[in-house]
Amino acid sequence: MQKRVVITGLGVVAPNGVGLNAFTHAIKNGISGIKKDPELERLQFSCQISGKPEVSTELALQYFTELELRNFNSTGILYGVIAGIDAWKDAGLAMEINEDPDWDSGTIFGTGTSGIDKFRESIYKIDDFQTRRLGSTAVAQTMNSGVSAYLGGKLGLGNQVTTNSSACTTGTESILMAYERIQSGQAKRILAGSTSDSGPYIWGGFDAMRVCTFKHNDSPAQGSRPMSVSASGFVPGSGAGAVVLEDLETALARGAKIYAEVLGGNVNSGGQRGLGTMTAPNPVAVQKCIKNAIENAGIHANEIDAINGHLTATSKDSLEIQNWSEALGRKGIDFPYINSLKSMVGHCLSGAGSIESVASILQLHKGFVFPNINCEDLHPEITTLIDDSRIPRKVIETKLNIIAKASFGFGDVNGCVIFKKFKS
Amino acid sequence: MNKEQTIEELKSIVKPYIANQEAFDTLTEETDFINDLKINSANLVDVILDIEEKYNIVIDNESMERMINVKAAMEIIDAKLSEKE
């Protein structure tokens with residue numbers, strides 16, 4: 001029999017809040033984490049604003065030893081480990097060091113790159129004939145699975161320990177991979193999450209593609225404008241989110257707090273066929289992904305109370321709304337609430353799906369829909385499809401039962417997960 | 001080169017990497033880096049880089065292989081320093 005899967009722990013390191021309390025406060029109140037970025041300005045980027053989590057050395061030392069932080073230069077691993085350990089502790093799980101690994105627990109913690117600053121540092125040394133001076137952690141910090149490897153060691157995980165990677169879909173995909181592993185009985189508990197490095201070496205390629213906004217260098221908090229007619233590109237961001245997924249019986253047996261149930265979901269690809277390309281989504285695949293997720297979750301499209309979209313603040317936002325509307329067969333006033341966390345944190349790339357999933361689960365658990373900021377001027381293509389009351393500009397306190405969360409990424413890849421408020 | 005002084009300098013270099021405080025507190029020339037101090041073998045290259053920096057010397061791969069305890073480390077440091085003179 002297939003196991004039911006629930007969420008028992010959350011952790012987040014976001015540009016507008018590090019830790020659950022700060023993050024919950026920020027998203028309820030529409031607080032932006034986007035700031036002027038002096039490094040991007042110095043390097044003459046078109047876009048000179050960004051969303052970066054603030055992590056002090058003092059905070060880092062609560063998660064890493066002094067030795068681990070020596071020559072440490074990987075923001076993605078830093079964010080991922082903090083979010084991951086926070087989620088683990090939030091789930092009421094122990095951090096004690098036992099002789100044997102915890103065979104029933106694993107982690108699927110995704111990222112797009114790892115330790116890009118460490119990688120740059122290493123390349124400079126190698127080209128300067130200093131390979132022997134790289135130190136012992138250059139590999140651990142720059143291998144893509146670095147974040148899951150660090151977490152696996154800190155938590156003594158003995159089940160699957162791996163890193164998935166599917167561009168901006170990564171975090172949504174990691175939740176679904178964890179869900180499947182627990183559902184099939186291969187693990188009792190998986191720490192699912194994703195992270196993204198900060199800085200110019202991650203964001204430069206996007207700046208070169210001219211997909212980031214260059215119109216808000218002097219008004220950073222207004223820069224990220226999903227669904228707005230004046231949206232002019234995304235704001236680069238970074239950070240990590242983490243959720244503990246657990247077999248329902250195990251969670252109940254240990255009396256764990258249950259945030260939500262994962263009902264199911266779907267991942268697919270548009271194959272870069274039809275309208276799909278490396279960078280543009282194939283709408284047929286997007287709609288199929290949403291429809292299959294609903295079917296997999298065993299619900300009806302009318303049961304969805306709210307959507308947490310991908311909605312990056314590029315010209316594709318209207319197309320995304322159209323895809324949702326057609327896939328759900330719902331429009332106008334009948335459309336679910338929809339919001340985009342990117343209005344407050346920018347596009348956290350490989351970290352986005354996880355940070356946004358944490359926000360979605362908090363909405364279900366606490367009963368609210370967080371506001372979209374910077375879209376006073378909704379795009380008319382969007383308001384012809386759905387009623388503007390469905391796009392909250394102020395927080396709405398209301399009981400929610402089912403939320404759909406989707407992410408879409410380069411490579412024409414899609415992921416959609418369905419969360420439901422838990423009822424025993 | 002003053003032996004006691006070198007031992008003290010070596011102690012401060014290896015201190016961040018050790019996992020056995022007792023062996024560290026009673027460190028002698030015979031103390032083995034991995035078996036006694038329980039330094040992670042991957043971290044030995046960091047210890048060697050720190051020694052190079054401290055004494056401004058270069059420790060070649062062959063010397064590195066021999067550098068398993070305090071005594072060997074002191075001999076190698078001594079030899080490299082005298083090569084410089």
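Domain bounds come from an automatic or database domain assignment. This is a predicted model, in which local features need pLDDT of at least 70, side-chain atom pairs count only at pLDDT 80 or more, and totals for chains, interfaces and linings use all residues. Residues are numbered from 1 along each chain as its sequence is written, while chains are lettered from A and ligands numbered from 1 in the order in which they are written.

**View 1. Chain A is assigned domain 1 (5-253) and domain 2 (265-420).** Their C-alpha centres lie 22 Å apart. Domain 1 of chain A brings 57 residues to the contact, and domain 2 of chain A brings 53. Two residues are in contact if their C-beta atoms, placed from the backbone, lie within 7 Å.

**View 2. Helix H9 (170-183) of chain A is on the side of domain 1 that touches domain 2.** Helices (H or I, at least four residues) and strands (E, at least two) are DSSP runs, numbered from the N terminus. H9(A) gives the most to this side of domain 1, with eight residues. Other elements that supply at least two residues each include strand E1 (5-14) and helix H1 (20-28) of chain A. By class, this side of domain 1 has 25 nonpolar, 29 polar and three charged residues. Ala, Val, Leu, Ile, Met, Phe, Trp, Tyr, Cys and Pro count as nonpolar; Asp, Glu, Lys and Arg count as charged; the others, Gly among them, count as polar.

**View 3. Helices H12 (residues 283-297) and H13 (residues 317-328) of chain A cross at roughly 45 degrees.** Their axes come within 9 Å. Axes are lines fitted to C-alpha atoms, for helices over the stretch in contact, and angles run from 0 to 180 degrees between N-to-C directions. H12(A) and H13(A) are therefore oblique to each other. Angles under 35 degrees count as roughly parallel, over 145 as roughly antiparallel, 65 to 115 as roughly perpendicular and the rest as oblique. H12(A) contributes Pro283(A), Val286(A), Gln287(A), Ile290(A) and Lys291(A) to the contact. H13(A) answers with Leu319(A), Asn323(A), Trp324(A), Glu326(A) and Ala327(A). The contact of H12(A) with H13(A) has six nonpolar, two polar and two charged residues.

**View 4. Chain A meets chain B through six residues of chain A and seven of chain B.** The chain A side divides into one nonpolar, two polar and three charged residues. The predictor gives the complex an ipTM of 0.86 and a pTM of 0.96.

**View 5. Chain B averages a pLDDT of 93.** pLDDT is the predictor's confidence in each residue, from 0 to 100. In chain B, 99% of the residues score at least 70.
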